[in-house]
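Student: Hi! I have a protein model open and would like to talk it through with you. Can we start with the strands?

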Amino acid sequence: MASYIEPHQYTLKRSVSCCGIGLHTGRTVNMTIKPASANSGISFYRSDLSGKGSIPAHMDKVVDTTLATTIGEGSAKISTTEHLLAALRGSGIDNVHIDIDSHEIPIMDGSAGPFIHLLKRGGRKKQHALRKVLRITSPVSVTDGKKNIRIEPYDVFKVTGRINFDDNLINEQEYSVEVTRDRFCREIARARTFGFVDQVEQLWKNGLALGGNLNNVIAIHWDGRSILNEEGLRFDDEFIRHKVLDLIGDMALLGGPVLGHVIADRSGHGLHLDLMQAIVDNPSCWEYVKFEKKGDAMLRRAIDRTRTAGKHLPPFFADRSDAAMAHQSICAA
Ligand SMILES: [Zn+2]
């Protein structure tokens, strides 16, 4: 199969704004997504905190993976990044600056669908700079008990997710997709987050999920056989599609596009981060490439073959240094 990726970076044509509530605080959140220059990546700015700098959407900035992915810099935090980042990655947008006046990305309807609409309103703008793509050349895997996630060489970005719940509704589900803009929008973006009612009640007791309601979460009945949402499911396998959405959003924290096949079995935010860390720690398992169009053909040009291990993840990367160097040799065969 020929590799295909849009070679150029993209940003928005114009700024777009939305307003929603935070899933955990239940508070109103205002967010504006603005165009940004090439090679600047995705970054957040807490407009309610005066004097704080921006927070890059990058795995180095992850401070918590409980319930959702939270990034932070000092006291400034942004949580539930995954659905918005999935929408940006799924829309093929590389560089934006996001102003937000709370520590939670608005939950909207619990999916990435509203963000896709928002980004479409902003329009995509092609930038002169070429994308720097992380291409997996040897498998990397992480296991935690029954949970496992791995990435293998593949010519496009592909995700296979599996979940296995001990109930009569979700049970075993598997979903596999080569992630293109079209397939992301049609098959993944609208899949909503879900929770078991008894777990949600427990969260409420602990002052969490205060903004959670049937408009933004699929609530699974106490009996584990049905859902409380009267409109039903958007897809028969909406649960695993949402897990795939979460994974795409978390993988965006690598800082740029990836060519590889991620296979995730009972995975979650913590394991997604572990996989990204394992990739960074095993620089002999990947390389950076850029793509150029020559007539109808797409040429792949390896760059940075002689890079210092893991120092430069696209389009920016904080110095990860010696730890990465030390683990160069443990890449899975
Ligand atoms: Zn989610």
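Predicted model: local features only at pLDDT ≥ 70, side-chain atom pairs only at ≥ 80, totals over all residues.

Student: Which residue in strand 15 stands opposite Ile163?

Tutor: That is Gln173.

Student: And how many bridges does strand 14 have with strand 18?

Tutor: Strand 14 (residues 157-164) and strand 18 (residues 258-265) share 6 bridges, and this pairing is parallel. One example is Val159, whose bridge partner in strand 18 is Val262.

Student: Which residues of strand 14 are on the covered face?

Tutor: Phe157, Val159, Gly161 and Ile163 make up the covered face, while Lys158, Thr160, Arg162 and Asn164 make up the uncovered one. In general, side chains in a regular strand alternate between the two faces of the sheet.

Student: New topic. What is in the largest nonpolar core?

Tutor: It has 80 residues, and Ala87, Leu88, Ile248, Met251, Ala252, Leu275 and Ile279 touch the most other members. Helix 5 (residues 238-251) gives the largest share, 7 residues. Domain 1 (8-130) and domain 2 (133-330) each supply at least three residues; those bounds come from an automatic or database domain assignment.

Student: What counts as a nonpolar core, and what does buried mean?

Tutor: The core is a set of buried Ala, Val, Leu, Ile, Met, Phe, Trp, Tyr and Cys residues joined through C-beta atoms within 7 Å. A residue is buried if 20 or more other C-beta atoms lie within 10 Å of its own, exposed if 12 or fewer, and partly exposed in between, with C-beta atoms placed from the backbone. Of the protein's 333 residues, 44% count as buried.

Student: What does Ala252 touch?

Tutor: Leaving out residues up to four places away in sequence, Ala252 touches Ala57, Leu85, Ala86, Leu88 and Arg89. Contact here means C-beta atoms, placed from the backbone, within 7 Å.

Student: At what angle do helix 1 and helix 5 pack?

Tutor: Helix 1 (residues 82-90) packs against helix 5 at about 80 degrees, with the axes 7 Å apart. That makes the two helices roughly perpendicular, a label for angles of 65 to 115 degrees. The axes are lines fitted to C-alpha atoms over the stretch in contact, and angles run from 0 to 180 degrees between N-to-C directions. Glu82, His83, Leu85, Ala86, Arg89 and Gly90 in helix 1 meet Leu245, Asp246, Ile248, Gly249 and Asp250 in helix 5.

Student: How many residues of helix 4 are buried?

Tutor: The number is 0 of the 9 residues in helix 4 (residues 197-205), so this helix lies largely in the open. Just after helix 4, Gly207 takes a positive phi of about 75 degrees.

Student: Last one: which strands form a hairpin?

Tutor: Strand 12 and strand 13 do, with 2 residues between them, and Gly145 in the turn has a positive phi of about 60 degrees. Strand 12 (residues 140-144) and strand 13 (residues 147-152) pair antiparallel over 5 bridges, and Ser141 has Arg150 as its bridge partner in strand 13.

How values were computed: Residues numbered from 1 in each chain as written. Helix = DSSP H or I, 4+ residues; strand = E, 2+ residues; numbered from the N terminus. Contact = placed C-beta atoms within 7 Å. Pairing = 2+ DSSP bridges. Parallel < 35°, antiparallel > 145°, perpendicular 65-115°, else oblique.
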